[in-house]
Amino acid sequence: MSPPVFPSDDIDRIMDVMAVAFDPAFGEAWTRRQVSDALMVGNCRYGLLDARGAPPAEGVSAAGFFMARGVLDEAELLLLAVKPEARRRGIGNNLLELFQEDSHLHGATRLLLEMRDGNTAENLYRQFGFTPIGRRPQYYRGANGARTDALTFEKLLACV
Ligand SMILES: CC(C)(COP(=O)(O)OP(=O)(O)OC[C@H]1O[C@@H](n2cnc3c(N)ncnc32)[C@H](O)[C@@H]1OP(=O)(O)O)[C@@H](O)C(=O)NCCC(=O)NCCS
């Protein structure tokens, strides 16, 4: 079977958000190559929303995106990002809704994610129903070499 083809416009939209959403101090932004390679794998999916919280029409840029990977009955959130100027308007939450719906459609009963300890995204994830299940000490290394723990969260869709 040939690999899935993604519109390069969508990769442009993802990279447009990627370029401004992540603090360079933590080295969390992916390269275009990492994104396109991931999306070539059949179990990797993504969603985009524009500044109005709708799927971007042709020629309209994205305000945020998610990327996720499905394995059997689990779906893992790989990346979630919203442009700084579009934050605190519910777009991050709407992207999590999209991720959840998409994962459910693909048969997931458990959502997973991992984040750097101290990321304010934790508030969003907890409000959305994720609960902490693990900590990997000193897992991430920032651009300055400083180590940070990774926190793992889950949400069971069977309980939704
Ligand atoms: C995390 C992120 C995606 C949130 O996007 P957003 O569109 O601002 O999120 P929402 O507007 O849907 O926020 C919903 C709720 O989450 C909580 N929240 C979101 N960002 C928060 C922050 N920086 N500090 C505290 N609480 C926050 C708030 O309770 C917020 O509701 P409120 O605005 O009514 O108080 C965005 O800040 C981002 O792109 N961060 C950089 C990339 C990143 O770290 N991604 C996560 C790890 S991959």
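A: Helices (H or I, at least four residues) and strands (E, at least two) are DSSP runs, numbered from the N terminus. Axes are lines fitted to C-alpha atoms, for helices over the stretch in contact, and angles run from 0 to 180 degrees between N-to-C directions; contact means heavy atoms within 4.5 Å. Here, helix 3 lies across strand 1, strand 2, strand 3, strand 4 and strand 6, and runs at about 155 degrees to strand 3. The model is predicted: local features need pLDDT of at least 70, side-chain atom pairs count only at pLDDT 80 or more, and totals for chains, interfaces and linings use all residues. Residues are numbered from 1 along each chain as its sequence is written, and side-chain values use heavy atoms, with hydrogens and water left out.

Q: What is the order of the strands in the open sheet?

A: Two strands pair if DSSP finds at least two bridges between them. The six strands of this open sheet follow the order 1-2-3-4-6-5, with mixed pairing. Strand 1 and strand 5 are the edge strands, each pairing on one side only. From one strand to the next, the twist averages 25 degrees. Strand 5 and strand 6 are antiparallel and share seven bridges; P132 stands opposite F153 in strand 6.

Q: Which residues of helix 1 are buried?

A: An α-helix has 3.6 residues a turn, so residues three or four places apart point the same way. Buried means under 20% relative accessible area, exposed over 50%, and partly exposed in between (1.4 Å probe, protein chains only). In helix 1, the buried residues are D10, I11, R13, I14, M15, V17, M18 and A21. They pack against helix 2 (32-40), strand 1 (44-49), strand 2 (64-71) and strand 3 (74-82).

Q: Which residues touch the most other members of the largest nonpolar core?

A: A nonpolar core is a set of buried Ala, Val, Leu, Ile, Met, Phe, Trp, Tyr and Cys residues joined through side-chain atoms within 4.5 Å. The largest has 24 residues, of which L77, F99, Y125 and F130 touch the most other members. A second, separate core of 18 residues includes I14, V35, C44 and F65.
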